[in-house]
Amino acid sequence: MTTSGQLHPMQHETVRLTGKDADGYVIPLGPVNLVAVVTDAGGMVGCGAFDVDALERFGYPPAARVKPAGGASSIETVEDLLRGEIKGGANRHAEERGVAVGMTGREALDRL
C-alpha cells in the first residue's frame, strides 16, 4: 500500500519464453501479491492463489499453479513464478499439453 492507504497499481511485464513472448502480471493485494503469466495461446501459470480447477470449469484454457522455489514463503514477482515449481495444480488442458508436477513455471509456460 502507498502511504495514502491506496493499493499499488498492477504491474505488467513482457516475459520472453522459448520462441514467444507472454504477459506477466503482479497485482499487489496488501501483504501478498497475485502473480500470473499468460501466453499468447491463453495458457496461464499463476501463484497458489489461483484455483485452476475453477478456471477449467469456466472454460479457461490450460492453467497451472506453482509453489515458491528454494523454501520461499510466497511468489512475489514474475521471476519467482518462473523459477517456482508446478505443484498439484494443473488442469486437464495443461496436463494434455505436457505440464507436469515438478517442472518449473517457465518450463510449463513453454508448453502452453
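User: Which residue of strand S3 stands opposite alanine 22?

Analyst: Alanine 22 stands opposite threonine 39 in S3. Helices (H or I, at least four residues) and strands (E, at least two) are DSSP runs, numbered from the N terminus. The model is predicted, so local features need pLDDT of at least 70 and side-chain atom pairs count only at pLDDT 80 or more, while totals for chains, interfaces and linings use all residues. Residues are numbered from 1 along each chain as its sequence is written, and side-chain values use heavy atoms, with hydrogens and water left out.

User: How many bridges join S2 to S3, and how do these strands run?

Analyst: Two strands pair if DSSP finds at least two bridges between them. Here, eight bridges join S2 to S3, and the two run antiparallel. Their hairpin has two residues between the strands, and glycine 30 takes a positive phi near 70 degrees there.

User: What joins strand S1 to S2?

Analyst: Strand S1 (residues 11-17) runs antiparallel to S2 and is joined to S2 by seven bridges. Within this pair, valine 15 stands opposite alanine 22. S1 and S2 also form a hairpin with two residues between them, where glycine 19 in the turn has a positive phi of about 80 degrees.

User: Is threonine 39 buried or exposed?

Analyst: Buried means under 20% relative accessible area, exposed over 50%, and partly exposed in between (1.4 Å probe, protein chains only). Threonine 39 counts as buried because its relative accessibility is 5%.

User: What does the side chain of threonine 39 reach?

Analyst: A polar contact is a pair of N or O atoms within 3.5 Å; within protein, one must be able to donate a hydrogen and the other to accept it, and residues adjacent in sequence count only if both atoms are side-chain atoms. The side chain of threonine 39 reaches the backbone oxygen of leucine 112 at 2.8 Å. Leaving aside residues up to four places away in sequence, threonine 39 touches Leu17, Lys20, Ala22, Leu109 and Leu112.

User: Where is asparagine 91 found?

Analyst: Asparagine 91 is in the loop between strand S6 (85-90) and helix H3 (92-96). Asparagine 91 is buried, because its relative accessible area is 1%. A polar atom of its side chain lies 3.0 Å from the backbone nitrogen of alanine 94. Beyond four places in sequence, the residues that asparagine 91 touches include Val52, Glu56 and Tyr60.

Terms used: Contact means heavy atoms within 4.5 Å.
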